[in-house]
Amino acid sequence: MNEPLADRSAVDGGLVWYVSYGSNTHPGRLACYLAGGRPAGGTRTYPGCRDGRAPRRSVALEVPGALYFATESPVWTGGRAFYDPDAPGSRVLARAYLVSEAQFSDIAAQEMYREPGAAPDLDVTAAVRDGRAALGPGRYETLVCPGRLDGRPLLTFTAPWAMDGVPWTRPSAAYVRHLYLGLLGAGDAWPSATVAAYLAASPGAAGHWTARRIMNLAEALPGR
């Protein structure tokens, strides 16, 4: 679905695709990163981007690599989602949002527990050129550019380690449900059973969650 990076030239026009594979696949949560606020059931209030406008577009897509759950989320408890672009023979289901470079920089800052605008905007040139750029040792401080879509770079952030380089952690019910609903809401790209099976098979979730249990979590929500 996405174009290979045959040309990793500079970003054109200041717009990039922010590729979310975790909780920001849900637009309600992303809205808190953009406009500020605390998501329903959340424990953290986000300051928001300096430019709080909604994304220009949102699309479902797949990128090469693997999703896995590790460390401990202070917001969700349990493991949080990470992306290993080098994991062979796999795919990551994601939702891409067309945002400005400044918005992407501010989203990344909030993921890194930094104040948006407190430091210079991220320089994505190296990530776009080389496919990856390490900004620091922490989780979500490694930029990855897995390709282009409509001529604009796909950008996301993850941990510096490989999927097999850290213990996997079981994600919480609330987190798994959030990812499931976020991916389903991206459109008709994948049937519900496909999304549930994908999450259930991801390292950290595998052996703890089944596709049926994940679907049941969503069906149990009020109004569904």
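Trainee: How do the residues lining the largest cavity divide into nonpolar, polar and charged?

Mentor: In this predicted model, the lining holds 13 nonpolar, 6 polar and 5 charged residues. Among the residues nearest the cavity centre are Y33, Y140 and Y175; Tyr counts as nonpolar, so these three belong to that class.

Trainee: Which element gives the most to the lining?

Mentor: Strand 1 does, with 3 residues. Helix 1 (27-35), strand 4 (80-84) and strand 8 are also listed as supplying at least two residues each.

Trainee: Why are strand 1 and strand 5 said to pair?

Mentor: Pairing needs at least two bridges. Strand 1 (residues 15-20) and strand 5 (residues 91-100) are joined by 6 bridges, therefore they pair. They run antiparallel, and W17 has L98 as its bridge partner in strand 5.

Trainee: What makes strand 2 and strand 6 edge strands?

Mentor: The open sheet of 6 strands has the order 2-5-1-8-7-6, with mixed pairing. Strand 2 (58-64) and strand 6 (132-134) each pair on one side only. The twist averages 35° from one strand to the next.

Trainee: Where does helix 2 lie?

Mentor: Helix 2 (residues 101-111) lies across strands 1, 5, 7 and 8, at about 125° to strand 5.

Technical notes. Residues numbered from 1 in each chain as written. Predicted model: local features only at pLDDT ≥ 70, side-chain atom pairs only at ≥ 80, totals over all residues. Heavy atoms only, no water. Helix = DSSP H or I, 4+ residues; strand = E, 2+ residues; numbered from the N terminus. Axes fitted to C-alpha atoms, helices over the stretch in contact; angles between N-to-C directions. Contact = heavy atoms within 4.5 Å. 1 Å grid on protein atoms, 1.4 Å probe; cavity = no way out; pocket = protein on both sides within 12 Å on 5 of 7 lines; lining within 4 Å.
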